[in-house]
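User: I am new to this structure and would like to learn how to read some of its features. Please take me through them in turn.

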Amino acid sequence: MSSSDSYLLIQNLTKRFGEFEALSQVSLEVDQSELICLLGPSGCGKTTVLRCIAGLETPTVGTIVQNGVDITSLPPEDRDFGIVFQSYALFPNLTVNENLGFGLANRKLPKQKIQERVQQLIATVGLEGHSDKYPGQLSGGQQQRVALARALATSPGLLLLDEPLSALDAKVRQRLRREILDLQRKIGITTVLVTHDQEEALTMGDRIVVMDHGVIAQTGTPQEIYSNPTTPFVANFIGKMNFLDGIASGNGEVAVNQFSFDCAQATETLSLGDRVLLCIRPEDIVIYNSDFDNNEINCNNAIVIDTEFLGSVFRVRLAFEESSSTEFIAELPPSDMRSLEIESGANVSIKFPPERLHVYLA
């Protein structure tokens with residue numbers, strides 16, 4: 001790894017709790033002003049990485065370098081970061097003003113400087129008129145803004161966000177995602193966000209680091225992670241994915257039951273007879289309400305088992321006509337559902353575009 005352009009450099013980070021290895025040789029570079037999302041299910045190690053960066057956990061092995069300084073063994077108070085926890089951790093007996101000024105007062109700044117900075121922070125996060133309120137008098141979204149402003153009060157070089165929106169309802173989360181992202185872009189602070197919410201990661205991250213059982217499964221931009229998942233775990237965790245059991249049958253093809261699919265773009269490393277998973281996103285399946293052209297590749301007849309209305313899309317459950325045990329899901333916008341006149345029990349033609357197929361060893 002090269003640290004020439006990295007603001008935060010993590011190398012071979014390993015953390016053990018007794019016999020349990022929570023992290024195993026995690027290495028990661030974060031550029032100046034970049035927003036990185038650590039994404040994964042509960043217990044995958046993402047919060048442990050964050051706590052090691054903050055000095056709340058001591059790595060068993062490995063180094064952490066921030067802005068050219070090795071901070072691996074530094075106590076939290078000597079590190080340059082602000083942090084927002086899932087619970088916000090606001091002082092309930094202090095007003096918004098007092099919560100925001102707490103860290104500044106600990107640094108012995110003059111009262112006038114503290115008040116100027118507090119007013120600047122209140123304006124930055126849009127909490128004008130709330131400065132004399134206590135946390136219990138604020139909504140969840142407002143408390144989150146106070147916690148974010150407090151983390152930024154000392155102008156840290158690094159912002160750490162540990163599931164900061166998980167306690168809020170869906171509409172508030174969506175609004176605050178944009179507000180946090182706009183603020184992060186405005187001040188240009190390097191940010192590490194921990195989340196289990198794939199939508200949050202896809203909409204906020206410059207890059208996503210998908211973690212699984214203490215290791216990094218894949219790192220890339222949201223588009224790279226979604227369009228080209230490198231493992232079945234990543235494919236399944238990010239978005240929806242159909243998984244069909246198949247066998248590599250040579251010449252870039254995969255057999256699923258009695259059907260053969262052209263997967264030449266995804267089967268370069270497979271050997272004849274390998275058991276594989278043939279995968280395709282629901283939105284990538286093409287549906288026709290007429291017979292397909294026999295010259296079309298990866299086309300088959302299918303039957304509609306049922307449909308489910310989800311607002312912006314319809315989810316259509318299908319099965320191959322000649323093999324009803326092999327089911328898969330397609331997703332279509334309402335306009336396509338109307339024009340295709342798709343309903344339960346209908347016979348349709350479907351296509352799995354070769355360029356949209358992913359194949360993994362089973």
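This is a predicted model: local features need pLDDT of at least 70, side-chain atom pairs count only at pLDDT 80 or more; totals for chains, interfaces and linings use all residues.

User: How do I describe the packing of α2 and α3, and at what angle do they pack?

Analyst: Two packed helices are described by the angle between their axes and the distance between the axes. Here α2 (residues 96-106) and α3 (residues 111-124) pack at about 125 degrees, and their axes are 9 Å apart. At that angle α2 counts as oblique to α3, because angles between 115 and 145 degrees fall in that class. The crossing of α2 past α3 is right-handed.

User: Which residues of α2 and α3 make the contact?

Analyst: On α2 they are V96, N97, L100, G101, L104 and A105. On α3 they are I114, Q115, R117, V118, Q119, L121 and I122. Sorted by class, this contact has eight nonpolar, four polar and one charged residues.

User: How many of the residues of α1 are buried?

Analyst: Seven of the nine residues in α1 (residues 46-54) are buried, so the helix is mostly covered, with buried meaning under 20% relative accessible area. The buried ones are K46, T48, V49, L50, C52, I53 and A54. After α1 comes G55, with a positive phi near 85 degrees.

User: Which way do β3 and β9 run, parallel or antiparallel?

Analyst: β3 (residues 35-39) and β9 (residues 207-212) run parallel and are joined by four bridges. In this pair, I36 is opposite R207 of β9.

User: And how does β9 pair with β10?

Analyst: β9 and β10 (residues 215-220) are antiparallel, with five bridges. V210 is opposite Q218 of β10. The hairpin they form has two residues between the strands, and H213 has a positive phi near 50 degrees there.

Methods:
Residues are numbered from 1 along each chain as its sequence is written. Side-chain values use heavy atoms; hydrogens and water are left out. Axes are lines fitted to C-alpha atoms, for helices over the stretch in contact, and angles run from 0 to 180 degrees between N-to-C directions. Angles under 35 degrees count as roughly parallel, over 145 as roughly antiparallel, 65 to 115 as roughly perpendicular and the rest as oblique. A crossing is left-handed if the near helix is turned anticlockwise from the far one by less than a right angle, and right-handed if clockwise. Contact means heavy atoms within 4.5 Å. Ala, Val, Leu, Ile, Met, Phe, Trp, Tyr, Cys and Pro count as nonpolar, Asp, Glu, Lys and Arg as charged, and the others, Gly among them, as polar. Buried means under 20% relative accessible area, exposed over 50%, partly exposed in between (1.4 Å probe, protein chains only). Two strands pair if DSSP finds at least two bridges between them.
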